[in-house]
Amino acid sequence: MRCVERPERDEVSVWSAVLLAACICAALKAFGYLIPSRLLEAERPARISDLLTVALLAALVAVQSLGAGQAILVDARVPAVLVAAGLLWMRQSFLVVVVAAAAVAAVLRLVGWAV
Amino acid sequence: MRSVDRTGAAVSVSPAREVWRESLGVAIATSAYGISFGALAVASGLDVWQTCVLSLLMFTGGSQFAFIGVLGAGGIAALPSAIASAVLLGVRNIAYGMRMSPIIGEGFWRRAGAAQITIDESTAVAISQPAPSLSRLGFWITGLGVFVGWNLTTLAGALLGDVLGDPRSWGLDAAAAAAFLALLWPRLKQRQAIVVGVAAAVVAAALTPVLMPGLPVLVAAVVAIVVGWFNWLGRNDIAPADEVLSCDALSDRRETK
């Protein structure tokens, strides 16, 4: 019985999370239109908001390149991300960078040079 | 920045037409990577509908990628962290809304519509225009263009991801890492940002074996709050969001021309 129930409950939690996160993000955008724009001149919130974006994206790069559940795993993702960094350095577009990274990892796995 | 880029074109083409061209260029370039979002979202465990709802309702690329990134790494147990990561990355849209609010003008529906399409790209195109009327035009064309394009390509990517099979054999896990790096890259102009980025990455990696998936990313965000609060390594004159935005949009524009 539990085996039948569980995927259903998971499905509900995924939907709730999707909707909750989406609604909060939409509300954040609307919130910006509701507060007086002179608050924009306040330096500290503006600076923290910028750095917050940087920190979260950088942390996601690290976790996405090295994390495997609760372990650190160096695999085909690392050379792929290095290639991506090189392409970004050469001012290539988002799509080129992402496709190239996928291709590097896929080829390395295909020929067996990396897991 | 803008004057350097546009002096040539501005002489011969009418300003409004130039704004149309810029906006559509940015919209097409941005929409193209909705394909990667759609495919990665399905690979992370969402179904096609959930993927499309994220693009329709959340509609802010960084948060969408964060949500599926954390979900993919940690599964159902990481859902609270996935929500928190997406929300924290969406905080910058408050600043964009405040910036756009006086330009958009009055009227509930107009402002509600504008709020939903307030993202990096539409704000960037708007604030790089010389006159308020051109800002408005650029904002609406870019925002609506990305909204339509991004949702169509998300659907296409999700359907594609559904038939791909094992995401790792296609390198989609590496593509997700590269996507975050590409979103981060244009923001690494100032020393303070670079230091925060490196520190956050180190903190997140170091905490990965110790904490539940998703939490290391949130703890790493504390680095930003602490450094930002005390303004360590900061410059005294700040021109952060606008500068980053206009550079970002301009590089997109150059690529599409």
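Ala103(A) sits in helix α4 of chain A, with helices (H or I, at least four residues) and strands (E, at least two) taken as DSSP runs and numbered from the N terminus. The model is a predicted one, in which local features need pLDDT of at least 70, side-chain atom pairs count only at pLDDT 80 or more, and totals for chains, interfaces and linings use all residues. Residues are numbered from 1 along each chain as its sequence is written, while chains are lettered from A and ligands numbered from 1 in the order in which they are written.

Ala103(A) counts as partly exposed because it has 16 C-beta neighbours inside 10 Å; on this scale a residue is buried if 20 or more other C-beta atoms lie within 10 Å of its own, exposed if 12 or fewer, and partly exposed in between, with C-beta atoms placed from the backbone. From Ala103(A) to Lys29(A) it is 74 residues in sequence and 35 Å in space, C-alpha to C-alpha.

As for chain A as a whole, there are four helices and two strands, running α-α-β-β-α-α from the N terminus on. Of its 115 residues, 41% are buried. Taking contacts (C-beta atoms, placed from the backbone, within 7 Å) between residues at least 6 apart in sequence, 38% of those in chain A join residues at least 24 apart.

Now to the partner chain. Here 71 residues of chain A touch 87 residues of chain B. On the chain A side, the elements giving two or more residues are α1 (2-34), α2, β2 (71-72), α3 (77-89) and α4 (94-111). Helix α2(A) gives the most, with 23 residues. Sorted by class, this side has 51 nonpolar, eleven polar and nine charged residues, where Ala, Val, Leu, Ile, Met, Phe, Trp, Tyr, Cys and Pro count as nonpolar, Asp, Glu, Lys and Arg as charged, and the others, Gly among them, as polar.

One helix pair spans the two chains: the axes of α2 (residues 43-66) of chain A and α13 (residues 215-230) of chain B come within 8 Å and cross at roughly 150 degrees. So α2(A) is roughly antiparallel to α13(B) (angles under 35 degrees count as roughly parallel, over 145 as roughly antiparallel, 65 to 115 as roughly perpendicular and the rest as oblique). Axes are lines fitted to C-alpha atoms, for helices over the stretch in contact, and angles run from 0 to 180 degrees between N-to-C directions. Residues making this contact include Leu51(A), Leu52(A) and Ala55(A) of α2(A), and Ala220(B), Ala224(B) and Trp229(B) of α13(B). By class, it has 18 nonpolar, one polar and two charged residues.

Note on methods:
Two residues are in contact if their C-beta atoms, placed from the backbone, lie within 7 Å.
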